[in-house]
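Student: I am new to this and would like to learn how to read a structure feature by feature. Could you walk me through some examples?

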Amino acid sequence: MPTKVIMPQLGESVVEGTVTRWLKQEGEQVDEFEALLEINTDKVDSEIPSPAKGTLLKILAPEGQTVQAGTVIAWIGQPGEQLPAAAAEPLKAAPAEHAPAAELPPESSEGIAAGRDRDLGFISPVVARLAKEHRVDLAQVKGSGAGGRITKKDVLAFVEKQGKPAPAREAAAWETPGMGELFRPSEEVFQQPAAPPPLAAPRAAIEPLKSGLHPLNSMRKAIAERMVASVQSAPHVTTVMEADLKRVIAHREKNLAAYEREGVKLTFTAYFAAAAVGALRAFPLVNSSWSEQGILIHPQINLGIAVSLGEDGLIVPVIRGADNLSLIGLARAVNDLAERARARRLLPDEVRDGTFTITNHGTGGSLFATPIINQPQCAILGVGIIQKRPVVVEEDAIAVRPMVYLSLTFDHRILDGASADGFLGRIVSLLENWQD
């Protein structure tokens, strides 16, 4: 009997995906669990394994098509095998909570595969990995999601209640001994399981573009749609200030070697992230979203860090619970997410639910910019290049200081000029008065 290939739900809030490339064509043989196709969800590419061994009989979703999770996108069977009559009908989306990646009953609940389980319901890839990482029997976990579905939070809560640490051989890369009070292991962003292997190696060199029409890929389409929607939905206003980074640079130089011994690369982005978090605590209205019913102030700071992928575009991975992280915790998160973003190893849920974004355009030499708000957020912080410039200091003396322009683009429906300037001024103050 032919086996369905179904568009999986790759994240807690992912409801659709775009077929970017079929790795097998109709009539070709495929092994069970062999990579069958690549899909894109929210600018994150993922390889989808084959649910069965056999021949790829029919592809229903061509490359470039976006379909709902739970949709049958192909059939696998034996050569000459007849497909059900419904196989030729147009694609129809199934409810997201019934979206299986593969109907493969697990041999044991600890080794459960992502997909539809007959006893437990839909198991997302994140939940499956956490269960394997912490050796959790999912049959003992009570689901709090739609229809009793088990979520990531349910598994983490069960692990915490049972006091079951992950095996030492599977410990995440951040678990470095000797961190002391500088880093709290309870920080949510580091409770993620080890990242999956890269889907594809980054291109060694970018080929020069030739004249003529170049079709848009899924990432460029997504960027274009969101940027246009953002400027059409929110009145953008940008305010610019400059900051003296003398104290920040002194602190970084003093602690650079110590952080490196702990496996952490201390970049300036971590300081800007820490200052933004401090300002968001003082101005919670900036950590909000607009709706016709009112202004929603988010209870947690989820900090988006824009990462350039070169000619391929831009992606914004999110540090969840950034308000619970120390400087070293933020530095670890920035390094980890940026590295995996460039290696195409992010998970779909890692680019969602941000409440404030930082874009460091200064890495390309830009002095200052007017970035576009990452909807549905309230504002975005732009960081320019750090340059030594002559400035007037105390008693009208002129000194050379490391200066940076900071631009805040904000939604004028939520913030007025005074509140936006107050927020940006707090960031400047935190940077200029950085404490050891």
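Tutor: Let's begin with a pair of strands: β3 and strand β6 (residues 54-59) run antiparallel and are joined by 2 bridges. Strands, which are DSSP runs of E with at least two residues, and helices, runs of H or I with at least four, are numbered from the N terminus. Two strands pair if DSSP finds at least two bridges between them. Within this pair, Val30 stands opposite Gly54 in β6.

Student: Which strands form the open sheet, and in what order?

Tutor: The sheet has 4 strands in the order β1-β8-β6-β3, with antiparallel pairing. Its edge strands, β1 (3-6) and β3 (29-30), each pair on one side only.

Student: Where do these values come from?

Tutor: This is a predicted model, so local features need pLDDT of at least 70 and side-chain atom pairs count only at pLDDT 80 or more, while totals for chains, interfaces and linings use all residues. Residues are numbered from 1 along each chain as its sequence is written, and side-chain values use heavy atoms, leaving out hydrogens and water.

Student: How many residues of α5 are buried?

Tutor: Buried means under 20% relative accessible area, exposed means over 50%, and partly exposed is in between (1.4 Å probe, protein chains only). In α5, 12 of the 15 residues are buried, so the helix is largely enclosed by the rest of the structure. Among them are Tyr271, Phe272 and Leu280.

Student: How many aromatic pairs does a search of the whole structure find?

Tutor: Rings of Phe, Tyr and Trp (its six-membered ring) pair if their centres lie within 6.5 Å; planes under 30 degrees apart count as stacked, over 60 as edge-to-face and the rest as tilted. The search finds 4 such pairs. The rings of Phe283 and Phe423 are edge-to-face, because their centres are 6.2 Å apart and their planes lie at 85°. Phe283 is in the loop between α5 and β12, and Phe423 is in helix α7 (residues 417-432), so the pair ties together parts that are 140 residues apart in sequence. Phe283 is partly exposed at 24% relative accessibility, whereas Phe423 is buried at 0%. Ring pairs also link Phe283, Phe356 and Phe423 into a cluster.

Student: Is Asp244 buried or exposed?

Tutor: Asp244 counts as buried, at 13% relative accessibility. This residue lies in strand β11 (residues 236-244). For its neighbours, contact means heavy atoms within 4.5 Å. Not counting residues up to four places away in sequence, Asp244 touches Arg401, Pro402, Met403, Leu431 and Glu432. The side chain of Asp244 also reaches the backbone nitrogen of Lys246 at 2.9 Å.

Note on methods:
Polar contact = N/O pair within 3.5 Å; in protein donor to acceptor, adjacent residues only side chain to side chain.
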